[in-house]
Structure formats: C-alpha cells, structure tokens
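User: I would like to learn how to read pockets and backbone features in a model. Can you take me through them?

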Amino acid sequence: EFDQTLPGIKPQLGHIHPITQFLEKIEDIFSKMGYEVVEGPEMETQKYNFDLLNVPPDHPSRDIQDTFYLDLKDRSGEPLVLRTHTSPVQIRAMETRKPPVRLLVPGRVFRNEATDAGHETTFYQCEGLVIDKNITVTDLIGTLELFIKRLFGENIKIRVRPHFYPF
C-alpha cells in the first residue's frame, strides 16, 4: 500500500546548457586576460545594428531575406530588428567608455536563413574589441593563441591564414 505520510522523492535538478557552459568558459578565459564582458539587447535599432557600423543602405545584410525586421519600435519610434551580430553592443559600450578598452561581447544573434547543415537562424557569437596605443596584428594573434591554449590545452598549435572578404 502507498503511505502518503512518507516524504516525497526529491526531484532531479536540471543542468546548465552546454552552450552556456562553453560561453562561460570563454568569458572566464578572456576575463583573466583583462577583458570586460559586456552584453546588450537582442532587439536592436537599425541605427546600432547597421548605421553606426557604416553598413550602407544597399548592403545585402539589410535585405529582408537576411535580417528579421520586427513590427516593433523603440521608445524613440525607430524600427527594431533582431540583431544580426554582436557589434552593436560594442558601439553601445564605447558610448560610455574611453580608451583603452578590452571588451568581450558574447551573445545570441539572428539571421533570416534557410536552415541546413551549415546555416541556422539563431546562433551564438563572441566578439572581442581592443582599443589602445601600439596594438598590432601580432597582439591579436598572441591573444588568439593564448585563448586556444587555455581552452583546448597547451599542446594545441594554431596556424594563421589571412583572408580577404570583399563584402
């Protein structure tokens, strides 16, 4: 027989999502390198998502087939989009900071894409921004190498191959 006076069975607790765990690891590594982790809105104005980043009005990323335009407006009446990258957060951060800065901007971004093995409408992105005197490409390479070694282990080797993106 069932004895209803016995204490219940404690329910199992969930766990942190693997993407969240991975982002927290990335944030921890960059925080220890002196980066400030900043976050911002996922619904963004066209001003911050495109205009202040010098994305011209005729750029393909502004097309309705690439960006989710919302039937919402911000407090000033400006139309909103789901951010297509985390760069608007960098712009917002720079409005309240003066150089030198070291920023890490992790977050979810959205693209109006047909889902297949190489494309998804929602994904996570991490951007870094460093503004200081005497910063060079070798600083970037050294930062990336240190990050990869802390993430995957000291025996990892990296190869840097420059590439030109004409868009």
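Predicted model: local features only at pLDDT ≥ 70, side-chain atom pairs only at ≥ 80, totals over all residues.

User: How many residues line the largest pocket?

Analyst: On a 1 Å grid over the protein atoms alone, a pocket is an open set of points where a 1.4 Å probe fits, with protein on both sides within 12 Å along at least five of seven lines; lining residues have an atom within 4 Å of a point. Here 19 residues line the largest pocket, with F30, Y35, L140, T143 and L144 nearest its centre.

User: Which element gives the most to that lining?

Analyst: Helices (H or I, at least four residues) and strands (E, at least two) are DSSP runs, numbered from the N terminus. In the largest pocket, α4 gives the most, with 7 residues.

User: Where is P100 found, and what is the peptide bond from P99?

Analyst: P100 is in the loop between α3 (87–94) and β5. The bond from P99 to P100 is cis, with omega near 5°.

User: Is N134 buried or exposed?

Analyst: Buried means under 20% relative accessible area, exposed over 50%, and partly exposed in between (1.4 Å probe, protein chains only). N134 has a relative accessible area of 75%, so it is exposed. N134 lies in the loop between β6 and α4, and its phi is positive, about 60°, although it is not a glycine.

Terms used
Residues numbered from 1 in each chain as written. Heavy atoms only, no water.
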